[in-house]
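Please keep the 3D view open as you read.

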Amino acid sequence: MNRLVVSAALMAAGLGLAGCGFTPLYGSPGVTQQLAAVEVATPPGRTGQLIREHLDDALARRGGTAPQYRMNLALSETRYPRGVRVDNVATRYEYVLTASYTLLSASSGTAVKQGVAQAQVTYDSADQPYASITAQQDAQDRAAAECARKIQMELAAWLATQGKS
C-alpha cells in the first residue's frame, strides 16, 4: 500500500512540475554545454592556479573546443589571527579569499557578466613550521574550491536565464 501511495505522489509531483514550465538546470536543454565553453585565465600565484583548476573541473572545460566566453579573475587574500595564546602567538587563523570575475564574450571581447565570490575558512597553526605551511595551503585549496563552486552556480543561473524574459 505504501509503494502505491509513494508512486502516486511522485507521479503527481512530476505532472505538476511538467505543467509549470520547470526545466532542470543541468537537464536537456541545459547549461552544461555553455559552462564547458568558458575558458578561465589563470591568475598569478598558487591560489590562482588552484582556483583555475577547480573552475575547470566545475565547468567541465574541454580543451579541444573553442571557448564562447573568457573569464578573467582577480584574487584578494587576507589572513586574520583568531586564536591567540597568552604569549600573543596565534594558534588559529581565518583565511578569506575574494575572487572578482569578469566574463567576456570570446567573439566580441565585451564584458557580459561580472561578479564576486568570497570564501572564509579557518585553520590551526601548529608550532612546527611544516605543519603550519601545510595547514595554510590546505586552507587555500578549500577556499579556492568554495569560490569556484560559487562562481559555477552564479554562471549556471545566469546562463539558464539568458534569452528568457
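What follows goes through the aromatic pairs, then the strands, then the core.

## A predicted model and its aromatic pairs

Please bear in mind that this is a predicted model. It contains 2 aromatic pairs. One of them joins Y69 and W158 in an edge-to-face arrangement, with 6.1 Å from centre to centre and 70 degrees between the planes. This pair links distant parts of the chain: Y69 belongs to strand β2 (residues 69-84) and W158 to helix α4 (residues 129-161), 89 residues apart. Y69 has a relative accessibility of 15% and counts as buried, because the cut-off for buried is under 20%. W158 is buried too, at 17% relative accessible area.

The other pair is stacked: the rings of Y93 and Y123 are 5.7 Å apart, centre to centre, with 20 degrees between their planes. Here, too, distant parts of the chain are linked, with Y93 in strand β3 (residues 90-105) and Y123 in strand β4 (residues 111-124), 30 residues apart. Both Y93 and Y123 are buried. Take a look at R79 as well: R79 lies over the face of Y93, at 4.1 Å from the ring centre.

## Strands around β3

How do β2 and β3 pair, parallel or antiparallel? The two strands run in the antiparallel sense, and their pairing extends over 15 bridges. Within β3, T102 has N72 standing opposite.

On to the next partner: β3 also pairs with β4 in the antiparallel sense, over 13 bridges. Y101 stands opposite G115 of β4. The hairpin of β3 and β4 has 5 residues between the strands, and G109 in this hairpin adopts a positive phi near 80 degrees. Of the 16 residues of β3, 12 are buried, so this strand is largely enclosed by the rest of the structure.

## The largest nonpolar core

In soluble globular proteins, nonpolar side chains tend to be buried together. In this model, the largest nonpolar core has 33 residues, and the members that touch the most others are I51, L55, M71, L73, I151 and L155. Two or more residues each come from β1 (38-40), α3 (46-59), β2, β3, β4 and α4. The largest share, 11 residues, is supplied by α4.

Leaving out residues up to four places away in sequence, I51 touches P43, L73, L75, A99, A144, C147 and A148.

Notes: Residues numbered from 1 in each chain as written. Heavy atoms only, no water. Phe/Tyr/Trp six-rings, centres within 6.5 Å; stacked < 30°, edge-to-face > 60°. Helix = DSSP H or I, 4+ residues; strand = E, 2+ residues; numbered from the N terminus. Buried < 20%, exposed > 50% of the residue type's maximum accessible area, 1.4 Å probe, protein only. Lys NZ or Arg CZ within 6 Å of the ring centre and 35° of its normal. Pairing = 2+ DSSP bridges. Core = buried A, V, L, I, M, F, W, Y, C linked by side-chain atoms within 4.5 Å. Contact = heavy atoms within 4.5 Å.
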